[in-house]
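The stops below cover charged pairs and then aromatic rings.

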Amino acid sequence: MKVSKEMVELNRERVIDTAAKLFREQGIDGIGIADLMSAAGLTHGGFYRQFKSKDDLTVQAMQRAFSDMSADLSARLASTDTPLETLVRHYISDHHRDNPGHGCSLTALAADAARHDDPALRSFFGSIVSNYVALIISLLPGSDPAAKRSAAIAFLAEMVGSVILSRVVPDPTLSAEIIDTVSNDLIGRHSPSAPV
């Protein structure tokens, strides 16, 4: 039975969405093609008609994950009077910690991407970092571009690191303490009324 072009495209989109979630939950090497296709409700045989390789799918899945996360974050920031605090409270949160499949690819997969030799994947993760740095620069108070860039890089590293650490510690009290301490510290140090 021949599958229509529309169905082929819908299936392809479903595979990308499934991969975006499962890669963030299980790691790039944590799930194979057969299991990924099964999770998408499709057979393994269709994979290579839709994607050049697993690396090709990985880049497309990370693009989808970043696009979805960016759209959500943009909506949140546009609807608040305190965008820097909103960014921190959304990113460094119990919800983000507990839902890696729907969270930021940096917290879930940066270490995986660093181990992979696919230049397209590494380049895409570099663009995620650059985009976050630019966003944070736009939200930070102050007028010195060099100081804002340095602060934004440290800010991003603290956000990503705190979520990773909150996920890895088995003690729920310590995990919550990491989230609260880092988010409160970042907001306290970088709010418009913080001492310069």
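A residue counts as partly exposed when its relative accessible area falls between the two limits, under 20% being buried and over 50% exposed. E25, at 37% relative accessibility, is therefore partly exposed. Keep in mind throughout that this is a predicted model.

**Stop 1: helix 1**

Select E25 together with K21. The two form a salt bridge, with the closest N and O atoms 2.6 Å apart. Both residues belong to helix 1 (residues 5–26), where they lie four residues apart, about one turn of the helix. K21 has a relative accessibility of 31%, so K21 is partly exposed as well.

Next, select E13 and R12. Here the closest N and O atoms of the salt bridge are 3.5 Å apart. E13 has a relative accessible area of 24% and is partly exposed.

**Stop 2: helix 10**

Move to R189 and D185. What links their side chains is a salt bridge, its closest N and O atoms being 2.8 Å apart. The pair sits in helix 10 (residues 172–190); R189 and D185 are about one helical turn from each other because they are four residues apart. How accessible is R189? Its relative accessible area is 40%, which makes R189 partly exposed. D185 is also partly exposed, at 34% relative accessibility.

**Stop 3: a salt-bridge network**

Now select E9, R12, E13, D17 and R64. Salt bridges with shared partners join these residues into one network. The count for the model comes to 12 salt bridges.

**Stop 4: aromatic rings**

Turn to the rings, where the count is five aromatic pairs. Select F47 and Y48. Is this pair stacked or edge-to-face? The ring centres are 4.7 Å apart and the planes stand at 85 degrees, so F47 and Y48 are edge-to-face; the cut-off for that class is over 60 degrees. F47 is buried, with a relative accessible area of 0%, whereas Y48 is exposed, with a relative accessible area of 52%.

At 2% relative accessibility, F51 counts as buried.

**Stop 5: an aromatic cluster**

Finish by selecting F66, Y91, F124 and Y132. These residues form one aromatic cluster.

Note on methods. Residues numbered from 1 in each chain as written. Predicted model: local features only at pLDDT ≥ 70, side-chain atom pairs only at ≥ 80, totals over all residues. Heavy atoms only, no water. Salt bridge = Lys/Arg side-chain N within 4 Å of Asp/Glu carboxyl O. Buried < 20%, exposed > 50% of the residue type's maximum accessible area, 1.4 Å probe, protein only. Helix = DSSP H or I, 4+ residues; strand = E, 2+ residues; numbered from the N terminus. Phe/Tyr/Trp six-rings, centres within 6.5 Å; stacked < 30°, edge-to-face > 60°.
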